[in-house]
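My plan is to go from the overall fold to single residues.

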Amino acid sequence: MTTTASTTAAPIADARALGLAHYAARGVLERVLALHGTTFQQQVTLRAAVTADAPQTPDDLVTQVRGSLKADPADIRATLDELLAKQLLVAEGTHLRPTDAGRELIGTVGAETAPITARIWGGIPAEDLTAAGRVLALVTERANAELAALAD
């Protein structure tokens, strides 16, 4: 009886692989967020406010979220209105700051996703994560440059 070694080659990173990984991970997060009646864009926007060193203006948050999600500014402003209506953000003059409920939500979601994240990322060799990080940073830089060129 003859045995043959597996001829399955390691997958090559490409746009499809990146997209599949992104949507799989985002799907996990969105399931957790749904338990709290929160959308992905609301969570990204609220996290930007929670992690800021100082209260942000609506324009500051729109700029930051747009840089991350490439979302339409009008959609981000609608998200800010939703977060204000849910009392997860509060207006103080011309600035917005997260409420205790907003900070608590970000903390709760982080705690609920931490074990899932550990299972997803656990056991991946450090050198693989370093190489993937370099590639993803380069892809992000190039894609951002292409978006900027398309906007001109």
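These entries record what I looked up, in order.

**Entry 1: the model**

I note at the outset that this is a predicted model. I keep that in mind for every value below.

**Entry 2: fold and extent**

I began with secondary structure. I counted six helices and two strands in the chain. Reading along the sequence, I get α-α-α-α-β-β-α-α. Next I checked how spread out the chain is. Its radius of gyration is 19 Å, whereas the globule rule gives 15 Å for 152 residues, so the chain is more spread out than a compact globule. I then took the spans of the C-alpha trace along the principal axes. They come to about 75 × 40 × 25 Å.

**Entry 3: burial, surface and charge**

How many of the 152 residues count as buried? I find 22%. The chain exposes about 10,400 Å². Carbon and sulfur atoms supply 59% of that area.

I looked at contact range too. I took contacts between residues at least 6 apart in sequence, and 55% of them join residues at least 24 apart.

Then I turned to charge. The chain has 13 positive and 18 negative charges. Their mean positions lie 4 Å apart.

**Entry 4: T113 in α5**

I went to helix α5, which covers residues 100–121, and picked T113 there. Is T113 buried or exposed? Its relative accessibility is 14%, so T113 counts as buried, the cut-off being under 20%. I followed its side chain next. The T113 side chain reaches the backbone oxygen of V109 at 2.9 Å. I also listed its contacts, leaving out residues up to four places away in sequence. T113 touches L29 and V32.

**Entry 5: I120, also in α5**

I stayed in helix α5 for I120. I120 is partly exposed at 45% relative accessibility. I checked its distance to R31, which is 89 residues away along the chain. The two C-alpha atoms are separated by 15 Å.

**Entry 6: R77 in α4**

R77 sits in helix α4, which runs over 73–85. I read a relative accessible area of 35% for R77, so I log this residue as partly exposed. Which residues does R77 touch, not counting those up to four places away in sequence? I find P58, D59 and V62. I looked at two of these partners in more detail. With D59, the R77 side chain forms a side-chain to side-chain polar contact of 2.3 Å. With V62, I took the C-alpha separation: 6.8 Å in space, for residues 15 apart in sequence.

I went through the backbone angles next. Most residues other than glycine have a negative phi.

K70 has a phi near 60°, a positive value, and is not a glycine. Where is K70? I place K70 in the loop between α3 (58–69) and α4. Its relative accessible area is 41%, so K70 goes down as partly exposed.

Q87 is not a glycine either, and its phi is positive at about 60°. I find Q87 in the loop between α4 and β1, the strand at 89–92. Q87 has a relative accessible area of 58%, and the cut-off for exposed is over 50%, so I log Q87 as exposed.

T99 lies in the loop between β2 (95–98) and α5. At a relative accessible area of 13%, T99 is buried. Setting aside neighbours within four places in sequence, I list Q87, L88, L89 and V90 as its contacts.

**Entry 7: T130 in α6**

I ended in helix α6, residues 126–151, with T130. T130 counts as partly exposed, with 45% relative accessibility. How far apart in space are T130 and I76, C-alpha to C-alpha? I get 32 Å, and the pair is 54 residues apart in sequence.

Key. Residues are numbered from 1 along each chain as its sequence is written. This is a predicted model: local features need pLDDT of at least 70, side-chain atom pairs count only at pLDDT 80 or more; totals for chains, interfaces and linings use all residues. Side-chain values use heavy atoms; hydrogens and water are left out. Helices (H or I, at least four residues) and strands (E, at least two) are DSSP runs, numbered from the N terminus. The radius of gyration is taken over C-alpha atoms; the globule rule is 2.2 Å times the number of residues to the power 0.38. Buried means under 20% relative accessible area, exposed over 50%, partly exposed in between (1.4 Å probe, protein chains only). Contact means heavy atoms within 4.5 Å. Accessible areas come from the Shrake-Rupley method with a 1.4 Å probe; for residues, only the protein chains shown count as cover. Lys and Arg count as positive and Asp and Glu as negative; His and the chain ends are not counted. The place of a charge is taken as NZ of Lys, CZ of Arg, CG of Asp or CD of Glu. A polar contact is a pair of N or O atoms within 3.5 Å; within protein, one must be able to donate a hydrogen and the other to accept it, and residues adjacent in sequence count only if both atoms are side-chain atoms.
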